[in-house]
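Reader: I have a structure on the screen and would like to learn how to read it. Where do we begin?

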Amino acid sequence: MMRTTDGGVTMPERVEAARKTAVGAREHATGQVTMDPDEGYTVGLDSNTEMKWMLVLLARPNVAGLESQVLFEWLQPDGKVGKHFFDFRVVMNDGMRVAIMVKSEDRRNQPKVQNELADVATRVPRGFADRVLVVTERDLDPVEYFNAEMMHEMRRPDLDADAAARRLLFEIVGAVRVQDLVDAIGLGARGFRAVVRLLRSHELELTLNVRITHEAYVRRRTSK
């Protein structure tokens with residue numbers, strides 16, 4: 001939720017997807033994630049793996065946008081309309097759109113499921129997506145997910161700390177330790193969170209695929 005200037009409370013807007021998520025289902029985990037620094041909206045999810053993939057995709061520097069539960073329809077030989085809900089459709093910075101199916105590893109390995117997913121994928125026209133991708137929990141990089149979750153948790157702005165951190169950006173030459181930036185900001189844990197937000201906005205980047213910690217090294221990101 002976010003607080004208004006008059007002291008009231010505004011609940012985040014819930015995004016209406018083409019398919020409603022099965023909140024409260026007993027067969028698998030369900031839930032929702034509140035997005036944006038100002039808690040602007042929530043997205044419903046049908047599994048823990050979906051939640052993890054959403055955070056990872058949104059944290060990637062080459063991802064410009066993401067849609068959830070996107071309906072794809074096609075005309076079957078018998079005249080009926082076939083339907084499939086893609087868990088995500090991602091828009092990349094270069095304009096490419098990727099339709100993503102999120103499955104458990106067990107289900108992806110079932111021949112029947114593989115045939116069904118392959119059948120849907122062959123029907124997807126370029127007007128809907130340039131590429132179709134199936135992902136599972138095994139495809140997640142634990143380091144990437146750790147960092148994506150941290151970026152999400154620390155997304156809320158802190159104007160003073162963020163301004164102090166951003167002033168340091170143009171002083172960075174080469175790689176610098178996160179702790180050194182935190183010391184230069186001078187606001188303790190608030191400074192660390194501000195550095196994480198610069199990573200989230202891709203103004204900074206990690207020099208290696210490591211977890212975001214005080215000992216990690218970052219550099220100013222120049223490529224888009």
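Author: We begin with a definition: an axis is a line fitted to C-alpha atoms, for helices over the stretch in contact. Keep in mind that this is a predicted model.

Reader: How are two packed helices described?

Author: Two packed helices are described by the angle between their axes and the distance between the axes. Here, the axes of helix 1 (residues 48-59) and helix 4 (residues 142-153) cross at roughly 80° and come within 8 Å. Helix 1 is therefore roughly perpendicular to helix 4, since angles of 65 to 115 degrees count as such.

Reader: Which residues in helix 1 meet helix 4?

Author: Helix 1 brings Met51, Lys52, Leu55, Val56 and Ala59. On the side of helix 4 they meet Glu144, Tyr145, Ala148, Glu149, Met151 and His152. Sorted by class, the contact of helix 1 with helix 4 has seven nonpolar, one polar and three charged residues.

Reader: Is Asn147 buried or exposed?

Author: Asn147 is found in helix 4. Its relative accessible area is 6%, so Asn147 is buried, the cut-off being under 20%. Leaving aside neighbours within four places in sequence, Asn147 is in contact with Leu206, Val210, Arg211 and Ile212.

Reader: How is a pair of aromatic rings described?

Author: A pair of aromatic rings is described by the distance of the centres and the angle of the planes. A search of the whole structure finds four aromatic pairs. One of them joins Phe72 and Trp74, with 5.4 Å centre to centre and 25° between the planes, and is stacked. Phe72 and Trp74 are both buried. Ring pairs also link Phe72 and Trp74 with Phe86 and Phe128 into a cluster.

Reader: What is the phi of Gln69, and where does Gln69 lie?

Author: Phi of Gln69 is near 50°, a positive value in a residue other than glycine. Gln69 lies in strand 6 (residues 63-75). With a relative accessibility of 1%, Gln69 counts as buried.

Reader: And what about the phi of His202?

Author: His202 has a positive phi, near 65°, and is a residue other than glycine. His202 is found in the loop between helix 7 (189-200) and strand 11 (204-206). At a relative accessible area of 17%, His202 is buried.

How values were computed: Residues numbered from 1 in each chain as written. Predicted model: local features only at pLDDT ≥ 70, side-chain atom pairs only at ≥ 80, totals over all residues. Heavy atoms only, no water. Axes fitted to C-alpha atoms, helices over the stretch in contact; angles between N-to-C directions. Helix = DSSP H or I, 4+ residues; strand = E, 2+ residues; numbered from the N terminus. Parallel < 35°, antiparallel > 145°, perpendicular 65-115°, else oblique. Contact = heavy atoms within 4.5 Å. Nonpolar A, V, L, I, M, F, W, Y, C, P; charged D, E, K, R; others polar. Buried < 20%, exposed > 50% of the residue type's maximum accessible area, 1.4 Å probe, protein only. Phe/Tyr/Trp six-rings, centres within 6.5 Å; stacked < 30°, edge-to-face > 60°.
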